[in-house]
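Here is my note on the model you sent. Please read it with the structure open.

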Amino acid sequence: MEKMQTFFVALMVIGYFSYTFGNIGEKDISCSYYQKKTVQQKHRCSIRVSPICASNNVTYSNSCVYCFAKIALELTLSVQHLGKCQKFKKS
């Protein structure tokens with residue numbers, strides 16, 4: 001029983017630190033896979049939703065869509081943060 005408790009505590013600690021420090025260095029996503037000609041020709045992305053807010057303040061639905069946009073914009077995009085972009089109200 002004690003081993004089981006130790007296991008779950010360790011699992012929780014790993015999860016916490018992965019969440020807390022896992023976001024360090026997420027300023028950009030490697031798009032090298034999507035630059036391959038065979039991938040470019042297929043140009044298909046998953047419907048999985050994992051929003052990414054890019055430097056142009058556009059929310060892309062996942063890393064695949066973000067990478068194709070980045071390639072189309074000549075690699076000028078970068079990741080602002082994971083999640084949806086904030087919409088600003090026009091005055």
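**Notes on the core, rings and sheet**

1. The largest nonpolar core has 13 residues. Those with the most contacts inside it are Tyr34, Ala54, Tyr60, Tyr66, Cys67, Phe68 and Leu77. A nonpolar core here is a set of buried Ala, Val, Leu, Ile, Met, Phe, Trp, Tyr and Cys residues joined through side-chain atoms within 4.5 Å. Helix H3 (63-72) and S1 each supply at least two residues of this core. H3 gives the largest share, 5 residues.

2. A word on the basis. This is a predicted model, in which local features need pLDDT of at least 70 and side-chain atom pairs count only at pLDDT 80 or more, while totals for chains, interfaces and linings use all residues. Residues are numbered from 1 along each chain as its sequence is written, and side-chain values use heavy atoms, with hydrogens and water left out.

3. What does Leu77 touch, leaving out residues up to four places away in sequence? Its partners are Asp28, Ala54, Ser55, Asn56, Tyr60, Tyr66, Ala69 and Lys70. Contact means heavy atoms within 4.5 Å.

4. The structure holds 3 aromatic pairs. Rings of Phe, Tyr and Trp (its six-membered ring) pair if their centres lie within 6.5 Å; planes under 30 degrees apart count as stacked, over 60 as edge-to-face and the rest as tilted. The Tyr34 and Phe68 rings have centres 5.5 Å apart and planes at 70°, so this pair is edge-to-face. It links distant parts of the chain: Tyr34 sits in the loop between helix H1 (2-21) and helix H2 (37-42), Phe68 in helix H3, 34 residues apart. Both Tyr34 and Phe68 are buried. Ring pairs also join Tyr33, Tyr34 and Phe68 into a cluster.

5. Tyr60 and Tyr66 have ring centres 6.1 Å apart and planes at 70°, so they too are edge-to-face. Tyr60 is buried, at 11% relative accessible area. Tyr66 is buried as well, at 0% relative accessibility. Buried means under 20% relative accessible area, exposed over 50%, partly exposed in between (1.4 Å probe, protein chains only).

6. Now the sheet. Its 3 strands form an open sheet in the order S2-S1-S3, with antiparallel pairing. The edge strands, S2 (59-60) and S3 (79-82), each pair on one side only. S1 (residues 52-54) pairs with S3 over 3 bridges. Ala54 has Val79 as its bridge partner in S3. Two strands pair if DSSP finds at least two bridges between them. Helices (H or I, at least four residues) and strands (E, at least two) are DSSP runs, numbered from the N terminus.
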